[in-house]
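Visitor: I would like a close look at a single part of this model, taken slowly and with the numbers kept in view.

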Amino acid sequence: MADYDAVVIGAGLGGITSASLLAKNGMKTLILEQSDLVGGCCSTFESQGYKFDVGASIVEIVHPMDKFFALMGRKREDYIELLPCDPIYSFVTQDGRRFSYPTDIEATTRVIESIAPEDVEGWKRFSKLGLEMVDEMMDAMMTSPMNTLGEVAAMAAKNPKVARYLPLLVRNHQSVVRSYYKNPIILGSVAFQSYFAGAPPELGSGIFGFIALSEHLGIYYPRGGMISIPQGMLKAGREHGLEVRTGCKVERLILDGRRARGVILEDGSEITADVVISNVNAKVTYLKMVGPENLPGWAVRAIDSYRLSMPCPMIYVGLDKKPDLDAHHTVVSGSIEEMNRVWNLYYTKGVIPRTAMSLICWPTEADPSLAPEGRHILNFLCNAPAPYAPLGDNWDRLKDWYREEAVRELERTVMPDVRDHIDYLEVSTPLDFERRLLSPQGAIYGLFSDLTSLALFRPHARSRVIRGLYLTGSSTHLGGGVPTTIASGIITSNYVLKDRG
Amino acid sequence: MDGKLVKRLFKVGALAGLVALYFSLDESTRRYLVHIGKQVPYLPYRYFI
């Protein structure tokens with residue numbers, strides 16, 4: 001008899017969601033997390049009195065999180081306090097112009113009118129279609145399995161309006177936003193979200209163009225830092241008997257032919273289970289934990305063929321004064337052409353960009369308790385994306401140089417006196433992310449998300465190669481992000497429960 | 001003109017049209033199409049993973 005009904009590798013949001021739901025349904029379930037912190041990219045670490053978020057900086061589309069708590073027989077409000085952030089973004093253009101998008105759609109119309117009156121009509125069309133899409137498709141898109149043609153057909157039969165949105169899926173991100181807007185400043189403000197899906201505007205699917213609209217449904221910051229989300233969800237799971245071990249690294253899967261039987265830990269000990277769920281990147285799961293020698297050649301070719309999303313070095317800054325910012329998120333925006341150019345340079349030449357899209361997150365605006373009294377935090381994605389293997393160098397050597405670059409960028413764009421007020425400064429490079437999160441090449445958005453690696457062409461939640469192995473998280477259907485990885489955990493748990501009858 | 005020749009001319013014309021259409025696109029769209037084209041051979045493998 002196996003030690004557990006299910007063992008889950010990784011306490012990211014997908015892992016916690018699926019494990020908790022299995023525990024709720026009576027399965028003896030254990031999560032093994034290699035780090036001392038839970039949450040993966042959606043986590044928070046403490047240093048010198050500051051609480052810095054590892055990667056994820058807000059949550060939008062709370063529907064999957066609410067659905068998780070409803071399935072657990074609980075209320076989200078009893079476990080996680082979400083603080084609304086309004087405005088959604090403040091923008092700083094390369095020539096220093098500043099403006100903000102509020103949550104309210106009518107108020108945003110007025111902002112767009114003040115910058116580009118010619119784009120107001122496009123914004124109205126964009127928001128109308130986006131709201132209809134959310135209304136008609138949210139539940140179907142977010143929690144329906146789409147591993148096979150049959151499942152996609154079943155979802156489409158249940159939601160016939162999905163056909164209306166297919167052209168958006170096929171077109172690229174930039175062609176979709178360009179069909180609504182003409183002004184380069186407005187275009188820059190709705191195109192960078194393709195990076196959040198792990199691809200530049202010219203290669204990402206057009207459906208991601210509507211991330212810019214979904215944010216107007218509200219963006220939220222959890223009180224206590226992003227780690228409050230996985231902690232709140234874990235609490236609900238533990239109430240149903242879920243077990244968690246941190247600081248516990250899985251090396252390999254125990255295989256019986258092509259059947260998963262459990263896991264082998266770093267110290268050589270074994271834990272057996274009827275079901276193994278991996279919340280680790282699919283490339284690591286198949287090529288390291290299963291091993292190419294245990295896979296058919298076509299499966300190795302399939303998993304090898306996936307490209308990774310871009311790495312983003314993060315800079316964590318503690319300040320001794322309140323920064324002069326207008327919103328939780330400030331975006332230093334560039335043109336669509338610049339975003340594409342940076343991506344192509346990164347892929348073809350390994351060049352670190354000097355100007356690109358930067359994202360400055362100011363979490364102490366929503367929750368001052370994250371820093372010592374009177375102090376503030378900036379989590380800074382400086383000139384993202386950046387190459388994993390910089391031309392002729394490596395990130396361990398470049399760390400100090402990049403830290404200085406980040407300070408210069410903050411001085412240039414939003415805070416000329418930042419150098420005089422820095423109380424804490426740390427960099428997490430793509431190599432650090434790779435080591436800390438087991439994210440290959442530091443790709444914090446998981447696998448590249450284009451038309452050819454979505455839904456039924458993404459690594460499946462229920463492995464078709466190794467029986468008893470299931471996957472969840474950013475490299476499975478729906479991709480990287482807080483709501484999407486929670487949704488992937490719901491889908492994965494449904495497969496397991498269905499398979500166990 | 002026999003039917004075979006008409007068919008052949010039609011195919012050549014269609015191919016020329018596609019090539020002309022491709023080169024009429026902007027560089028960015030061409031990169032998108034090339035990128036998708038390069039991924040297509042992997043789709044049958046990805047579907048079964």
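Visitor: How many bridges join β6(A) to strand β9 of chain A, and do the two run parallel or antiparallel?

Guide: Bearing in mind that this is a predicted model, strand β6(A) is joined by 4 bridges to β9, residues 219-222 of chain A, and the two run antiparallel. Within this pairing, A:L83 stands opposite A:Y221 in β9(A). The pair belongs to an open sheet of 3 strands in chain A, with the order β5-β9-β6 and antiparallel pairing. Because β5 (59-60) and β6 (82-85) of chain A each have a single partner strand, they stand at the edges, and one side of each is left without a neighbour in the sheet.

Chain B, by contrast, has 3 helices and 0 strands, which follow one another along the sequence as α-α-α. Of its 49 residues, 18% count as buried, and its C-alpha atoms fill a box of roughly 50 × 30 × 10 Å along the principal axes.

Where the two chains meet, 13 residues of chain B are in contact with 31 residues of chain A, and the area buried between them is about 2,100 Å², with carbon and sulfur atoms giving 59% of it. The interface holds 1 salt bridge, in which the side chains of A:E202 and B:R31 meet at 2.7 Å, N to O. There are also 13 residue pairs in polar contact between chain B and chain A, counted with both residues at pLDDT 80 or more. On the side of chain B that touches chain A, the elements giving two or more residues are α2 (27-39) and α3 (43-47) of chain B, and α2(B) provides the largest share, 6 residues.

Note on methods: Residues numbered from 1 in each chain as written. Chains lettered and ligands numbered in written order. Predicted model: local features only at pLDDT ≥ 70, side-chain atom pairs only at ≥ 80, totals over all residues. Heavy atoms only, no water. Buried < 20%, exposed > 50% of the residue type's maximum accessible area, 1.4 Å probe, protein only. Pairing = 2+ DSSP bridges. Contact = heavy atoms within 4.5 Å. Buried area = accessible area lost by both parts, 1.4 Å probe. Salt bridge = Lys/Arg side-chain N within 4 Å of Asp/Glu carboxyl O. Polar contact = N/O pair within 3.5 Å; in protein donor to acceptor, adjacent residues only side chain to side chain.
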